[in-house]
Amino acid sequence: MKGVAQVVTHRAIRGYNPGMTEASPKIGIVSLGCPKALVDSERILSKLRAEGYELSGEYDGADLVVVNTCGFLDTAKAESLEAIGEAMQENGRVIVTGCLGVEEDRIRESHPGVLAVTGPHQYEAVVGAVHEALPPPHDPFQDLVPPEGIKLTPRHYAYLKISEGCNNRCSFCIIPHIRGDLRSRAANDVMYEAERLANAGVRELLVISQDTSAYGVDLKYAESDWRGRNVKARMTELAEALGDLGVWVRLHYVYPYPHVDELLPLMAERRILPYLDIPFQHGSPNVLKAMRRPANQEKVLERITRWRRDVPDLALRSTFIVGFPGETEADFEELLGWLEEAQLDRVGCFKYEPVEGAPANDIADPVPEDVKDERWHRFMEWQRRISEARMAAKVGRTIEVIIDEVDGEGAMGRSHWDAPEIDGSVFLNGDTDLSPGDIVEARVEHADDYDLWAIRTTSD
Ligand code: SF4
């Protein structure tokens, strides 16, 4: 997973309303938390829509609101409780699901009027609770659900969740407690979903899980049939098959186990994007040991050098935690030195925040808040300088850009270095005739610390 500080996105209530009628029951959904939670919301909506429910984008147009919560950090829990409160106030008929659902007592204490509380991945239970509170119509409009299901992302990219849960036990994290051990989807199940998405116009697939490199371990890497081809439930083989769909494939939450090296030839051949999101979390062996991070002994800096030699355009993104209990000034400086050597392309940094129930809370020597703050600012400035130099080196190059948005002034998109929402952007000023999902070539004219400005050299 992404790290200790999952981004909590307080998303607006969502709607998808083709073929609405006055008679059908209407559901609203508020989806909080990480992309993995967003995929859960999409599944819930797809199931309900297939049963004939309609979706409302307004609180007061909905007969009932489902709030999919995040329960990873205390701040995320507080935001989830606030979102439940807002839905109660604006609508009054609320079903709660998602990670915070494991703390039913806490939810009911704050909001005694909620209709039902279910936990993460309990799709049947959420749908059952909806049936009970708001019975489904007798004549479901199955044909109104697109074959790829209902997506909350823009049409041209989609998250593809390949497994649930996690076998690791990082000391700052309670995800395995909330979501259980690793449970991978069969390779053909993932491939059929990916194919449906590609056929529906998705041009970029973002592969997500808690630990993408561990995909298939629980299935003993079983093969399954996808269109007459046996695909192994293993990261390399899955990436290879996804690469044959003709869309951008971007891998997130990859831990640097030795077999990650097998991906590099696929990236060199551009069958998948040369992009690796590896949540390193720290550069000091002492801190990594205290964090109990997987694959922290794998000589990462040497491997990064080798990866870049084989795939010079490799984009490396990562997240880090500063102020972990017991982190000394020497550990922190080791982290800065590690960053200098690693020269990562995209980096997020979070101040350590204790999570209720996590073993890290018992580690001695918590770092005072003012020291955490000071280290976070130093870290951000350090990485800004690295990023500025790496972005400047791109000026003059011709790159591929996938378009995300177009308005009266031009287009905004991303290069292979940029995942949506978390990385940088490429601006094509004046290019108003493009559409989201177009992939064009452009020459980089200007760079700042994190973004690029380019001039198009081809059409889609
Ligand atoms: S325990 Fe699993 S989900 Fe939690 S941080 Fe570690 S790898 Fe990620």
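**Stop one: a pair of helices**

To find them, select residues 300-310 for α10 and 329-342 for α11; they pack at about 15° with axes 10 Å apart. Because of that angle, α10 counts as roughly parallel to α11 (angles under 35 degrees). Axes here are lines fitted to C-alpha atoms over the stretch in contact, with angles from 0 to 180 degrees between N-to-C directions, and helices are DSSP runs of H or I with at least four residues, numbered from the N terminus.

A word before you click on: this is a predicted model, where local features need pLDDT of at least 70 and side-chain atom pairs count only at pLDDT 80 or more, while totals for chains, interfaces and linings use all residues. Residues are numbered from 1 along each chain as its sequence is written, and side-chain values use heavy atoms, leaving out hydrogens and water.

Now show side chains. On α10, pick Val-300, Leu-301, Ile-304 and Arg-308; on α11, pick Trp-338, Glu-341 and Ala-342. These make the contact (heavy atoms within 4.5 Å).

**Stop two: another pair**

Next, select α6 (187-199) and α7 (235-243), which pack at about 25° with axes 11 Å apart. They are therefore roughly parallel to each other, and this crossing is right-handed. Look for Ala-187, Val-190, Met-191 and Ala-194 of α6 meeting Leu-238, Ala-241 and Leu-242 of α7.

**Stop three: the cores**

Which residues touch the most other members of the largest nonpolar core? Select Leu-242, Leu-263, Leu-276 and Leu-344, out of 53 residues in that core. A nonpolar core is a set of buried Ala, Val, Leu, Ile, Met, Phe, Trp, Tyr and Cys residues joined through side-chain atoms within 4.5 Å, and buried means under 20% relative accessible area (1.4 Å probe, protein chains only). Helix α11 gives the largest share of this core, 6 residues.

Zoom in on Leu-276: beyond its neighbours within four places in sequence, its contacts include Leu-251, Met-267, Trp-307 and Arg-317. A second, separate core has 25 residues, among them Val-39, Leu-48, Tyr-159 and Ile-208.

**Last stop: a histidine**

Finish at His-156, in the loop between α4 (123-133) and β6 (157-161). Is His-156 buried or exposed? Buried, at a relative accessible area of 3%. Its contacts beyond four places in sequence include Arg-203, Glu-204, Asp-404 and Pro-436.

Notes. Helices (H or I, at least four residues) and strands (E, at least two) are DSSP runs, numbered from the N terminus. Angles under 35 degrees count as roughly parallel, over 145 as roughly antiparallel, 65 to 115 as roughly perpendicular and the rest as oblique. Buried means under 20% relative accessible area, exposed over 50%, partly exposed in between (1.4 Å probe, protein chains only). A crossing is left-handed if the near helix is turned anticlockwise from the far one by less than a right angle, and right-handed if clockwise.
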